[in-house]
Amino acid sequence: MRFCASSIAALLLASAIPSMADAKELRARNLKSSKSDKSDKSPKSPKSPKKLSPSADYQDHYLVGLLNYPNDAIPDILNGVTSGTYINGDGGAPWNYIPSVGFSDIEPFYANGKKVRGEFFCLSDNGYGSSSNSADYALNIVHMKIQKPFTYRHGEGTFETYTETENLGTALIHDPNGYIRWENGADIQVAYNVPDSSWDTYKSLRVLTGRDFDVEGLAVINENFAIVGDELMPAIFAVNPSTGVVLTPFVRTPDIDEHGNFNGKFLSTRGDKVHCSIAALEANTCMAVDSATVDQSQYRRHDASGGYEGFSLLADGTIAAFLEKYSGDTTLSDEPGVRVYKVLPGNGTPGNPPSFHSFMGYYPFELNGGNIADVSPIPGSSRLVAVIERNGFPSGSLFPAPVMPANKLCVVDLEDVDEDMVMRNKKCILNYHKVSDPWDVDGNGIFQYAQTQVTNEQVIVVDDYCIIAGTDTNFPYTNQFNVDVTELPYGQEVTDTRWMVVCFQEPIFNLDYPLMDD
């Protein structure tokens, strides 16, 4: 598909004149000029940032409570449809329903153009982990009610440890207008193969599956318009989050040169259908190609699970789009961090699809971090975002572990970059494995909580004080510690999609709070 560059000149001109909001933000944060620090002569490293965030930067906070959405909570629209035929019987597959596999992003829900407190759009993951095993998973967006009762132990009142969230509606992501086509003429999965006749309605709707895209990022402009970030190609496209209708063709991710300029090439992966023959797609025999095939094409190879994981709508209406990683089956491993692009959303029509405006810089990981898990804007800011970093923890229950936890929430200034285009003004504010629980809201007599999950792929800053942070379950591969979950008091809940609500003692997400000051 095409790379849209319209309106770039106008935006560049506008960006030269700071808005009142930007001026306030600069004053409030007392941010340093990127030219003011020439004394840092530390060597450039592709594996670690120049400035690490010590634990002293963690901000005082408290756990408000825990919530879960059961894997077997199946809405009617996902019931009676065969799924799981590509995973060799794992977890009892196949099923006669589309299971909940967790969510890869959480965004505000809007009604009549206004945010609704306690309600969110939650974006499903691609299914069972890859394009090769998720061709029978229907991509969807859930309207979820997420609210936790909490009273600071008023009158010594307590509440249940886990509160179930409420699904207020599920929208299938589907392409009734036929916008989704690859450059080689390839169509979506349901045009070629479906498990059985239970998919007839999905086929007529042109429902997208995990073979088509691995949707991991969602930037909601309003209840009728959002941009999806895909990590399989990687690409972006517009969708109506309330109905699931695809609004535009997809737009590929441009490659950059050593100066951060678009170089006329585009990223691609082994799961990209552009590398498959139509005959192989019709025969359902091309779920992925080998790396050499991508290298021999006109595209630059990236990891099939390395595209857009962090997708954040900023206050100026643009989107900060974070690739997930620069490791794995990729040619980007020599870069000093994960790429962050600036995306213009367009207006949700085929004539004005989302477009890539510019390269913003590289986001540097903390030591032992390796993946972006999600990104959320700081309310009112066009340059500050909250970022979840993660690694591959856990990898079983036997210690010393092959992978130790490195799940942190950090805040970064997207515009404060050094001479290597690395974002250098960054502060980590929360360790997911050391969450303070002074009110003992989980009722276990322990005043510390760990959000133990390999893929904590949802976070949203909801106000000046609080976040909601949720998981992708990796269903049916939910037993990440290899323990007998039937013996655990909350064995089911920790295999479900779950969220924690954490509030900070100070209004650290208010732009007048000096969070990023040294």
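Buried here means under 20% relative accessible area, exposed means over 50%, and partly exposed is anything in between (1.4 Å probe, protein chains only). Keep that in mind for Asp329, which is buried with a relative accessible area of 19%. What you are looking at is a predicted model, where local features need pLDDT of at least 70 and side-chain atom pairs count only at pLDDT 80 or more, while totals for chains, interfaces and linings use all residues. Residues are numbered from 1 along each chain as its sequence is written, and side-chain values use heavy atoms, with hydrogens and water left out.

Let's start with the whole chain. Of the 518 residues in the protein chain, 58% are buried. The secondary structure comes to five helices and 28 strands; these are DSSP runs (H or I of at least four residues for helices, E of at least two for strands), numbered from the N terminus. The accessible surface is about 20100 Å², and carbon and sulfur atoms own 51% of that (Shrake-Rupley method, 1.4 Å probe; for residues, only the protein chains shown count as cover). Take the contacts, meaning heavy atoms within 4.5 Å, between residues at least 6 apart in sequence: 66% of them join residues at least 24 apart.

Now to an open sheet. Four strands line up in the order β16-β17-β18-β19, with antiparallel pairing; two strands pair if DSSP finds at least two bridges between them. β16 (308-313) and β19 (355-363) are the edge strands, each with a single partner, so one side of each has no neighbour in the sheet. From one strand to the next, the twist averages 25 degrees (axes are lines fitted to C-alpha atoms, for helices over the stretch in contact, and angles run from 0 to 180 degrees between N-to-C directions). Strand β18 (residues 338-344) is joined to β19 by seven bridges, and the two run antiparallel. In that pairing, Tyr341 has Phe359 of β19 as its bridge partner.

β21 pairs with β20 (residues 371-377) in the antiparallel sense over six bridges, and Asn371 stands opposite Arg390. The hairpin of β20 and β21 has six residues between the strands, and there Gly380 takes a positive phi near 85 degrees. β21 also pairs with β22 (residues 408-413), again antiparallel over six bridges, with Val387 opposite Cys410.

Finally, the charges. The structure holds 20 salt bridges, each a side-chain nitrogen of Lys or Arg within 4 Å of a carboxyl oxygen of Asp or Glu. In one of them, the closest N and O atoms of Glu183 and Arg252 are 2.6 Å apart. Glu183 sits in the loop between β8 (166-172) and α3 (200-205) and Arg252 in strand β12 (residues 251-252), so the pair ties together parts 69 residues apart in sequence. Glu183 is partly exposed at 38% relative accessible area, whereas Arg252 is buried at 1%.

Asp329 comes back here, meeting Arg270 in a salt bridge (3.0 Å, N to O). This pair links the loop between β17 (319-323) and β18 to the loop between β14 (262-268) and α4 (278-282), 59 residues apart. Arg270 is partly exposed, at 30%.
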